[in-house]
Amino acid sequence: MAEDSGEDKTEPASPRKLEEARKKGQIPRSHELSTFSILLTGLIALLMLGPGVFTAMEQIFHSELRFDRVTVTTPTLMLVHFTNAVGIALRACVPIFAACALAALLTPIAIGGLLFTFETVTPNFTRMNPLNGIKRMFSMRAVVEAVKAILKSGLIGGVAAYALWSEREQFVQLVVMPADVGFAYLWGMIKHTLLLVVGGMALIPMLDVPYQLWEYYKGLRMTKEEVKKEYKESEGDPHIKGRIRQLQREAARKRMMANIPKADVIVTNPTHYAVALQYTEKMRAPTVVAKGAFLLAERIIELGREHKVSVVRTPPFARALYHHAELGEEIPAALYTAAAEVLAYIYQLRHFHQHGGLEPALSDELPVPPELDPETPKP
């Protein structure tokens, strides 16, 4: 819809869209950073292991590339010399190759993080659309990549040419130098050239990484309409959420009303509040099974009387329970004494109705802490 309206994508990508793009394998990557990292790692490894490599080359020249008549005329001996030379070269160069391979694996994580997905290798025939290919050929990204390739080639070629030109006299003299002296000169020329090339290439990822990050997040920008739509999908329609909350309240109220017949007593204000309490031997303290105010309080009292649940008028105690006791939970410890007096009164009242005797009376001054009664006058 946003595309049809031509609305500009001015909003940054939401976390949800970034996560969806990541699942599809769309993460920022800089090939220039990977190339530079591999070259830098190879240079460091070569500087550390270079003497060993040249020692191996000297060994190959002295022992494996020196032949006599018997060796030349015996194919098996030539094969042995060749195998030995390859083994010596591999033992010297494998650590350098391994370091470069490790750099190639770890460098992409520096920008886009670690990601395992098969989305990018899943067949997608839209990628085979020639029109899309033509668009990519003439897109801004293609122009930028072409400019980068030209600048990179010019930079690397220019630095390498400068390095070799500055070493031209030593390079010519290598032909007449002894092998050990020539290898020392060659090693120095290689180090000098690589240092200049890698140092010059550092400029490329410094420019490419910010550009890749900018282009990545720019491509994931959203329109205001998309942001609103995503918010509705993630948070839900306010009307539907309101209806759900209403249904939940109604269901909770029905469950509460169904528990009123199990109550031992209902304490009231007498009309403002009503709280139903239940206590059994398995309970640590009395539990609130229902509570309500005004019309709901009247309904609780009415339903309690229908099921012959004792209703007691205790205004301070009822107010304290309503404001400080949660539905389905035990009453606060500060109200234990008041609850014990009320329950004792109920049990005595039941005994009186069944067996007669002296009718019990409930104290008008229950031990309710003043701070729990919201209508207690403040000093």
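## A partner in a salt bridge

Glu330 counts as partly exposed, at 30% relative accessibility. The model shown here is predicted. In this model, Glu330 forms a salt bridge with Arg284. The closest N and O atoms of the two are 2.8 Å apart. Arg284 lies in the loop between β2 (273–278) and β3 (287–293), while Glu330 lies in the loop between α15 (315–324) and α16 (336–355), so the pair ties together parts that are 46 residues apart in sequence. Arg284 counts as exposed, because its relative accessibility is 69% and the cut-off for exposed is over 50%.

## A buried pair

The whole structure holds 4 salt bridges. Another of them joins Arg319 to Asp373, with the closest N and O atoms 2.7 Å apart. Arg319 sits in helix α15 and Asp373 in the segment after α16, so this pair ties together parts that are 54 residues apart in sequence. Both Arg319 and Asp373 are buried.

Arg299 is partly exposed, with a relative accessible area of 36%. Glu302 is partly exposed too, at 43% relative accessibility.

Helix α14 has 12 residues. At 1.5 Å a residue, they should span 16 Å. The end C-alpha atoms are 17 Å apart, which agrees.

Which residues of α14 are buried? They are Ala297, Ile300, Ile301, Leu303 and Gly304. Seen down the axis of α14, the buried residues fall within an arc of 165 degrees, so they line one face of the helix. The face turned away from that buried side carries the exposed residues Leu295 and Arg305. Just after α14 comes Lys308, with a positive phi of about 60 degrees.

## Spans listed in UniProt

An unreviewed UniProt entry lists residues 36–57, 69–90, 96–121, 142–165 and 194–214 under "transmembrane region". What does the model show for two of these spans? Residues 142–165 are 100% helix and 0% strand, and their end C-alpha atoms lie 34 Å apart. Residues 194–214 are 95% helix and 0% strand, with end C-alpha atoms 31 Å apart.

Key: Residues are numbered from 1 along each chain as its sequence is written. This is a predicted model: local features need pLDDT of at least 70, side-chain atom pairs count only at pLDDT 80 or more; totals for chains, interfaces and linings use all residues. Side-chain values use heavy atoms; hydrogens and water are left out. UniProt positions are given in the numbering used here, feature names are shortened, and annotations may be inferred rather than shown by experiment. Helices (H or I, at least four residues) and strands (E, at least two) are DSSP runs, numbered from the N terminus. A salt bridge is a side-chain nitrogen of Lys or Arg within 4 Å of a carboxyl oxygen of Asp or Glu. Buried means under 20% relative accessible area, exposed over 50%, partly exposed in between (1.4 Å probe, protein chains only). The expected span of a helix is 1.5 Å times one less than its number of residues. The arc is that of the directions from the helix axis to the C-beta atoms.
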